[in-house]
Amino acid sequence: MEAISTAQKAASLSQRFGFAEHLGRAALDLKPSVIDTLQINITKLCNQACVHCHVDASPRRREMMSDAVIQQVLEVLKANPSLQKLDITGGAPELHPRFRMIVEAARALGRTVMVRHNLTVTLDPHPISGESLQDLPDFFAEQGLVVISSLPYHQSYFTDKQRGAGVFDKSLESIRRLNQVGYGQPGTGLELHLVYNPVGAFLPASQASLEADYKQELWQHHGLVFNQLFALTNMPIHRFKVQLKKNDGYENYMEKLVGAFNPSAAQGIMCRSLISVAYDGQLYDCDFNQMLNLPLKCHGESRSIFDFHTTELQERSIQVADHCFGCTAGAGSSCGGNTIKQ
């Protein structure tokens, strides 16, 4: 009987705490602001299979963005000067055979290019070809990429628990190599940002205090530097959701996110200034909606990179669901860390 009661409570969670209803109570109508970022997920292939990964990326995945979609992405960038940033993600985006071409073409258009770099891909052989990627730091520096890398904690136990045995030591070595080519160093203009996300079902601590701790620990114990720390909330989707449900923690985690809903944080969520492009060219309001197959809608219809119209996208209504509580809890969470700057 208790199991039935729990199942019924979980099933009614969306009705009791619907995200759209919370926006209504706060008199918020989230419309796109200035769309300045095109985020492209070019592959789900990865050299890792992290337990929290909302993409379900792994060495076994083979989804890759086609040449036709890549070319259209570049055409969209060229035709839309307001899209000043290209955010390349995956999987491990560096494992796509056209990764470097995409970077070079976007930089030639004068765009800021960010890469979601998992650090260990520099040291691990390519899961398919076996080739070495140890020259990535040099390529990043030559192109002036903004490097954004996950390091769940500044201690090995918590990082390895989330990302796999030995990942912490590999990550430090990769940061060291990035530092050696100028990343994180004063005066170089080469930006290295680290990403923290909790190893468990709780909200991140203060981003400012976490950044101070990371900088102190990484410098004092390892002689490593970086620019900023982005604190992200674990999203209750895919692998993390499965883990929560396995431990009977999904309902409690959702209750925690709902209880921490912050209208001010909602104002700065990334879907207001970003368009997410899947490997097949489908457009989404954000990377999380992409992984849940919730395509963006213009006039009630989905769109692909082949019918990208800035005016229509600017006027669309953003698709929301209960996972959006993860981006609007506490100080907020986005690809650039807290949506409320401390």
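Author: Two strands count as paired if DSSP finds at least two bridges between them; helices (H or I, at least four residues) and strands (E, at least two) are DSSP runs numbered from the N terminus. This is a predicted model, in which local features need pLDDT of at least 70 and side-chain atom pairs count only at pLDDT 80 or more, while totals for chains, interfaces and linings use all residues. Residues are numbered from 1 along each chain as its sequence is written, and side-chain values use heavy atoms, with hydrogens and water left out.

Reader: Which strands are the edge strands of the open sheet?
Author: The sheet has eight strands with mixed pairing, in the order β6-β5-β4-β3-β2-β1-β7-β8. An edge strand here pairs on one side only.

Reader: Which residue of β2 is the bridge partner of Leu38?
Author: Strand β1 (residues 37-41) and strand β2 (residues 85-89) run parallel and are joined by five bridges. Within that pairing, the partner of Leu38 is Leu86.

Reader: Helix α8 packs on the sheet; what angle does its direction make with that of β5?
Author: Helix α8 (residues 167-180) touches β3 (112-117), β4 (146-150) and β5 (192-196), where contact means heavy atoms within 4.5 Å. Axes are lines fitted to C-alpha atoms, for helices over the stretch in contact, and angles run from 0 to 180 degrees between N-to-C directions. Between α8 and β5 the angle is about 160 degrees.

Reader: How do α4 and α5 lie to each other, roughly parallel or roughly antiparallel?
Author: The axes of α4 (residues 67-79) and α5 come within 10 Å and cross at roughly 15 degrees. Angles under 35 degrees count as roughly parallel, over 145 as roughly antiparallel, 65 to 115 as roughly perpendicular and the rest as oblique. The two helices are therefore roughly parallel.

Reader: How many charged residues are in the contact of α5 with α6?
Author: Phe99, Arg100, Val103, Glu104 and Arg107 in α5 meet Leu136, Phe139, Phe140 and Gln143 in α6. Ala, Val, Leu, Ile, Met, Phe, Trp, Tyr, Cys and Pro count as nonpolar, Asp, Glu, Lys and Arg as charged, and the others, Gly among them, as polar. The contact has five nonpolar residues and one polar, and its charged residues number three.

Reader: How many nonpolar residues does the contact of α4 with α5 have?
Author: Ile70, Leu74 and Leu77 in α4 meet Met101, Ile102, Ala105 and Ala106 in α5. No polar and no charged residues take part, and the nonpolar ones number seven.

Reader: What is omega of the cis peptide bond at Gly91?
Author: Gly91 lies in the loop between β2 and α5. The cis bond joins Gly90 to Gly91, with omega about 25 degrees.
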